[in-house]
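Please read this briefing alongside the sequence and the model. It takes the topics one at a time.

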Amino acid sequence: MEIMFVMLLVSLLLALIFLVSFIWANKTGQYDDDVTPGMRILYDDEEVKKKPNKEKPNKE
Amino acid sequence: MEKVEVRYDNKIVKYFAYATITWGIIGMLVGLIAALQLAFPDFFNDYLGYKYISFGRIRPLHTNAVIFAFVGNAIFTGVYYSLQRLLKTRMWSDKLSYLNFWGWQLIIVSAVITLPMGFTSSKEYAELEWPIDIAITIMWVVFGWNMFATILVRRVKHLYVAIWFYLATFVTVAVLHVFNSFEIPVSFMKSYSWYSGVTDALVQWWYGHNAVAFFLTTPFLGLMYYFVPKAANRPVYSYKLSIIHFWALIFLYIWAGPHHLLYSSLPDWAQSLGVVFSIMLIAPSWGGMLNGLLTLRGVWDKVRDSAVLKFFVVALTAYGMATFEGPMLSLKNINSITHFTDWIVAHVHVGGLGWNGMLIFGMMYYLFPKLYKVKLYSQSLANAHFWIATLGILLWTIPMYWAGFSQGLMWQEFNPDGTLTYPDFLSTVTALEPFYIMRSFGGLIYIIGVLLMAYNIRKTVKSGTFVKEEVVEVTPTIEKKKKEKGEHWHRVIERKPVRLLVFSFIVIAIGGAVEIIPTMAVESNIEKISQVKPFTPLEVEGRDIYIREGCVGCHSQMVRPLRFETERYGEYSKAGEFVYDHPFLWGSKRTGPDLAREGGLRSDSWHYTHMIMPKQISPGSIMPAYPWLADDDLYTGHLEKKINVLRGLGVPYPEGYEKEALSDLQKQANKIAENVIRDISKENSNVQVSDIAGKEIIALIAYLQRLGTDIKAVPAEETELETSMK
């Protein structure tokens with residue numbers, strides 16, 4: 001049943017990633033505001049009605 | 001900040017949406033065929049007895065098609081649509097998007113071809129053989145890469161809760177898939193699981209449970225958190241609750257897997273650990289369910305008018321029911337009745353048809369009008385679909401709950417004198433026939449609902465024009481780090497330590513696993529009961545036929561330490577009996593009886609006749625006939641390789657044995673063939689030993705006659721002592 005140790009290790013490592021991301025989320029202010037995020041997604045983006053630009057301004 | 005123009009890629013969403021509907025219909029039709037095979041076994045045996053559509057091969061095709069093709073494509077549809085809009089940016093790379101799409105479809109097609117052909121690892125929801133496993137890993141990484149990169153170039157600082165669910169889905173599924181799929185290839189489409197027996201069972205259900213958790217649950221909660229508020233035009237009831245239940249859910253889910261192995265040979269403490277975490281899971285699960293339903297507070301009038309919201313409400317309700325039922329089923333006393341019965345099948349279909357199916361349908365009715373800038377062709381048709389689907393779920397699940405509960409109790413029923421009331425297993429199966437027929441009907445009308453949707457969407461598509469790219473203006477709310485001219489893209493990633501950590505972890509986990517697992521897995525094989533010996537070459541081949549035909553789908557090999565089980569099947573199963581089982585074949589459903597102690601119970605000729613035509617020997621049997629096993633020659637070309645691979649995995653075949661294996665195989669086959677001929681020669685006097693000794697059926701008989709016999713030769717006391725010493 002040594003596999004238990006591997007699985008515990010992997011599960012704990014997964015938990016660790018989750019913990020680190022949780023701390024990251026808190027520290028960077030992801031959860032400072034728990035009201036507006038729910039509202040913000042309801043606003044659709046403003047559509048560009050005019051003929052679309054030839055160049056791509058959204059080039060990453 | 002300046003406004004920027006963004007072009008959301010709708011084409012990839014459309015592709016995945018079409019794939020979802022197409023594969024959904026196919027996967028459900030395959031499910032209907034499987035249901036009909038149980039309801040009308042004689043018809044299928046007499047008129048459609050082809051090996052490629054035999055139940056054992058069709059069932060994994062159904063589960064894989066609905067999970068990975070229907071639900072999988074739906075996840076990609078929803079993620080590719082919502083991620084772009086939540087982050088206000090196009091997907092990072094179109095190339096990766098379309099590679100993800102075509103790669104995934106190719107995997108599905110290969111599953112559709114290989115599973116009916118009998119190429120299977122036999123591990124539930126992980127049946128696909130090793131080359132496809134590798135392809136799945138690559139495609140999953142492509143998806144994750146694209147998603148992470150899109151998050152890095154986002155224009156909104158805040159990550160909406162849905163995205164957290166997507167991220168957890170990606171990371172966990174990647175790790176689970178890799179760990180559960182460790183297998184050593186024997187040939188191009190055949191491999192043996194790296195793990196054996198109890199170890200294999202534990203890893204499999206760690207994976208199996210989390211496939212439900214992180215493939216069927218977390219991505220759908222993410223989609224729910226996007227599509228329910230959007231469709232209702234209401235913010236989620238409590239954003240705070242969504243965050244809390246997300247973290248609670250993902251921390252708890254990982255540990256619940258052992259509840260699939262209650263009363264098995266898994267150590268008790270591991271079983272209890274699984275139970276405790278399963279019970280705790282009620283809280284975060286219901287947190288999500290209530291949060292979704294309460295989002296509709298004050299707008300229930302919209303539910304009356306909108307088919308989309310109706311689908312979402314039933315989806316959430318089904319989620320609530322399934323996640324209450326799950327923890328209940330993981331209680332040992334309830335589990336002793338329900339496990340191995342149709343109850344479990346009903347449970348997963350409340351989740352599958354209710355939670356996943358209804359959420360997907362709602363999402364499709366929401367998306368297509370948006371993608372084609374047109375109103376839905378027919379609201380009333382969508383409403384009709386909703387009612388048909390709901391009725392279909394009820395007609396599907398209620399008979400199956402009934403069947404499962406009845407059968408579970410019949411197995412346990414004792415007469416006052418201490419004998420079993422239903423000693424004949426078959427009588428507990430034939431009692432279920434009406435339920436199997438009703439279930440098929442429920443499935444049929446559920447599919448009719450889906451066909452209505454396909455028609456409705458086709459009409460909608462025809463009346464609109466597809467918006468290939470949605471061009472919008474957005475105001476970024478995130479400071480773009482000054483990007484020096486000519487800077488390489490990976491510099492951007494390097495500035496994000498956390499993401500880098502995640503990436504590195506995945507790499508490390510894969511690398512570490514490759515190093516650790518072999519030692520561990522091989523090491524653990526050393527513990528064994530001295531009387532338990534490796535399978536003979538003929539039994540190895542027979543076992544592979546057992547795997548190929550999907551026997552494990554209906555027959556368990558795990559006698560639980562409960563009186564009604566030992567009374568029916570004999571001595572309960574010990575962990576040490578399975579040390580040479582690569583993979584384990586404990587099974588999770590008893591449509592037929594347990595086979596753990598099958599060896600020696602019946603004559604070789606009984607098995608021979610039974611396999612060719614089961615109902616000839618057991619009148620009323622619903623088992624498919626396997627006439628091809630008596631016609632097809634046993635292929636022994638890979639025998640040498642198989643022995644070598646198994647030896648490499650820790651099965652103690654002597655060095656050089658692979659050279660003698662074939663002659664041993666023939667000797668044993670001749671002996672069994674002689675037994676069979678002796679018994680059946682009265683009717684068929686012209687059949688010779690050489691006619692049947694080389695057939696597949698002989699190998700299968702050899703395997704069945706071996707099952708559970710090693711330990712029978714040992715006095716019970718000694719066995720217990722040996723087991724407890726470990």
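A residue is buried if 20 or more other C-beta atoms lie within 10 Å of its own, exposed if 12 or fewer, and partly exposed in between; these C-beta atoms are placed from the backbone. By that count B:S122 is buried, because 23 other C-beta atoms lie within 10 Å. This is a predicted model, where local features need pLDDT of at least 70, side-chain atom pairs count only at pLDDT 80 or more, and totals for chains, interfaces and linings use all residues. Residues are numbered from 1 along each chain as its sequence is written, while chains are lettered from A and ligands numbered from 1 in the order in which they are written.

**Confidence**

- The predictor gives the complex a pTM of 0.90 and an ipTM of 0.74.
- Confidence in each residue is given as pLDDT, from 0 to 100.
- Chain B has an average pLDDT of 90, and 90% of its residues score at least 70.
- In chain B, residues 721–726 fall below 50 in pLDDT. Beyond near neighbours in sequence, this stretch has eight contacts in the model. Two residues are in contact if their C-beta atoms, placed from the backbone, lie within 7 Å.
- Chain A has an average pLDDT of 76, with 78% of the residues scoring at least 70.

**Chain A**

- Helices (H or I, at least four residues) and strands (E, at least two) are DSSP runs, numbered from the N terminus.
- Chain A contains two helices and one strand. Along the sequence the pattern is α-α-β.
- Among the elements of chain A, helix 2 (residues 36–40) has the highest mean pLDDT, 86. Helix 1 (residues 3–27) of chain A has the lowest, 81.
- Chain A has 60 residues, and 18% of them count as buried.

- Two packed helices are described by the angle between their axes and the distance between the axes.
- Axes are lines fitted to C-alpha atoms, for helices over the stretch in contact, and angles run from 0 to 180 degrees between N-to-C directions.
- Angles under 35 degrees count as roughly parallel, over 145 as roughly antiparallel, 65 to 115 as roughly perpendicular and the rest as oblique.
- A crossing is left-handed if the near helix is turned anticlockwise from the far one by less than a right angle, and right-handed if clockwise.
- For contact residues, Ala, Val, Leu, Ile, Met, Phe, Trp, Tyr, Cys and Pro count as nonpolar, Asp, Glu, Lys and Arg as charged, and the others, Gly among them, as polar.

*Helices 7 and 12 of chain B*

- Helix 7 (residues 197–232) of chain B packs on helix 12 (residues 307–329) of chain B at about 140 degrees, with the axes 10 Å apart. The pair is therefore oblique.
- Their crossing is left-handed.
- From helix 7 of chain B, B:V228, B:A231 and B:A232 meet B:V308, B:L309 and B:F312 of helix 12 of chain B. These contact residues are six nonpolar, no polar and no charged.

*Helices 25 and 26 of chain B*

- Helix 25 (residues 639–648) of chain B meets helix 26 (residues 657–680) of chain B at an angle of about 125 degrees, with the axes 9 Å apart. So this pair is oblique.
- The crossing of helix 25 and helix 26 of chain B is right-handed.
- Residues in the contact include B:I643 of helix 25 and B:L665 of helix 26. The contact divides into six nonpolar, one polar and two charged residues.

*Helices 22 and 26 of chain B*

- Helix 22 of chain B packs on helix 26 of chain B at about 80 degrees, with the axes 8 Å apart. The two are therefore roughly perpendicular.
- Among the contact residues are B:Y608 of helix 22 and B:V676 of helix 26. The contact holds four nonpolar, three polar and two charged residues.

**Backbone exceptions**

- Most residues other than glycine have a negative phi, and most peptide bonds are trans.
- B:S122 is not a glycine, yet its phi is positive, about 75 degrees. It sits in the loop between helix 4 (94–117) and helix 5 (130–152) of chain B.
- B:Y125 lies in the loop between helix 4 and helix 5 of chain B. Its phi is positive, near 65 degrees. B:Y125 counts as partly exposed because it has 19 C-beta neighbours inside 10 Å.
- B:H582 and B:P583 are joined by a cis peptide bond, with omega about -5 degrees. B:P583 is in the loop between helix 21 (563–569) and helix 22 (604–612) of chain B.

Notes
pLDDT is the predictor's confidence in each residue, from 0 to 100.
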